[in-house]
Amino acid sequence: MTLTSSNEAVAGVLGTPATRPAGDPARRIRAVLSALVRAVIVLWGAATAAYLAQLALPGDRATAILNIRTGQAQQRTPEELAPIIAQFGLDDPVITQYLTYLGGLVRGDLGTSYQQFRPVWDIIAEQLGATLALTLSAIVLSWIIMVFWVTLTAGRGPRVRSLGSGADTAAAGLPPYWLGILLLLVFALHLRWFPVMGGTGLAGLVLPALTLAIPLAGFMGQATRTEFEKTLRQPFVLSARLRGAGDLSVRLRHVLRHAALPALTLTGWALGATISGAVIVEAIFSRPGIGETLVAAVGSQDLPVVTGIVVLVALVYVVANLLVDLLYSVVDPRITTS
């Protein structure tokens, strides 16, 4: 069986490698090295953009840092600025500062918060667990919703197929902030099934995760449905039916495995996107997490925390896409990335 053009189109749009027949081990090694090089380039680009954003701010950086720390916006004397300049090396050439910044990132040093006087990594680490729990829960829920809905409606009669496709399109277009408020009003305020805000247990995780999962499920359903219906017409599906396999067994055991590649591709992208979307969702539901930390850092102009979160999101995105590349050969051993 050959890969369809729709799968190649999804891979091309998302920037993931197209697939080709598996070759010798040397080709696999080159594919892995190529993926690693792309990952390093993406991380370097994100880190450089974050650093340039700090340089682009108007005014003197030392004065801005001291004003943030004291909470008073005013002109500063050279004597007041000298300790700040020495601490952050602001009297060094820009290229030296940039290389020092990159060297710190390689060592896992994201800098020091202007406002809290603590390492940025410590600040992020305190909130990272809550955001990862929300993100992973949303992705798992999106897969459950997508698999259930596509399996139920794909390849059926015209009306059911139209209903399934329309629901995918509508779900993919739902704004998270609108959906979150709607779920909050219905299930928390009206039905009182879940806490209104600030819930940290499982009950407090359901509505925020659904807010992120429903649009993602619709998006993945759009990418999977066409492939699913094409796979249903393949000869091996007919063979499975002739061997006595039931419709549900054929769809889950045979069709879904081949149709899931577009959704698998999107999952790598979705992990980074979902962490970004968590900023809005955590604000709506008053949940702890790096979203709340990012909003506070932007409000206080604590740029090391902002840039640290940007670099961290880029790292998660890159690692997720590397894992997706490796999972391709697990889902279908006949293909490899190139």
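The model is predicted. Its chain has a mean pLDDT of 76, and 85% of the residues reach 70 or more.

**Confidence along the chain**
- Helix α6 (residues 120-153) has the highest confidence in the chain, at a mean of 87.
- Confidence is lowest in helix α1 (residues 5-14), where the mean is 41.
- The pLDDT is below 50 over residues 1-23, and this stretch has 55 contacts in the model beyond near neighbours in sequence.

**Packing of α7 and α9**
- Two packed helices are described by the angle between their axes and the distance between the axes.
- For helix α7 (residues 158-172) and helix α9 (residues 202-232), the angle is about 145° and the axes are 6 Å apart.
- The crossing of α7 past α9 is left-handed.
- On the α7 side, the residues that meet α9 are R161, G164, S165, D168, T169, A171 and A172.
- On the α9 side, they are I214, P215, G218, F219, G221, Q222, R225 and E229.
- Sorted by class, this contact of α7 with α9 holds five nonpolar, six polar and four charged residues.

**Aromatic pairs**
- Three aromatic pairs turn up in a search of the whole structure.
- One of them joins F187 and W193, with 5.7 Å from centre to centre and 40° between the planes.
- F187 is partly exposed, with a relative accessible area of 25%, while W193 is exposed, at 57% relative accessibility.
- Y51, Y98 and Y101 are linked by ring pairs into a cluster.

Key
Residues are numbered from 1 along each chain as its sequence is written. This is a predicted model: local features need pLDDT of at least 70, side-chain atom pairs count only at pLDDT 80 or more; totals for chains, interfaces and linings use all residues. Side-chain values use heavy atoms; hydrogens and water are left out. Rings of Phe, Tyr and Trp (its six-membered ring) pair if their centres lie within 6.5 Å; planes under 30 degrees apart count as stacked, over 60 as edge-to-face and the rest as tilted. Buried means under 20% relative accessible area, exposed over 50%, partly exposed in between (1.4 Å probe, protein chains only). Axes are lines fitted to C-alpha atoms, for helices over the stretch in contact, and angles run from 0 to 180 degrees between N-to-C directions. Helices (H or I, at least four residues) and strands (E, at least two) are DSSP runs, numbered from the N terminus. A crossing is left-handed if the near helix is turned anticlockwise from the far one by less than a right angle, and right-handed if clockwise. Contact means heavy atoms within 4.5 Å. Ala, Val, Leu, Ile, Met, Phe, Trp, Tyr, Cys and Pro count as nonpolar, Asp, Glu, Lys and Arg as charged, and the others, Gly among them, as polar. pLDDT is the predictor's confidence in each residue, from 0 to 100.
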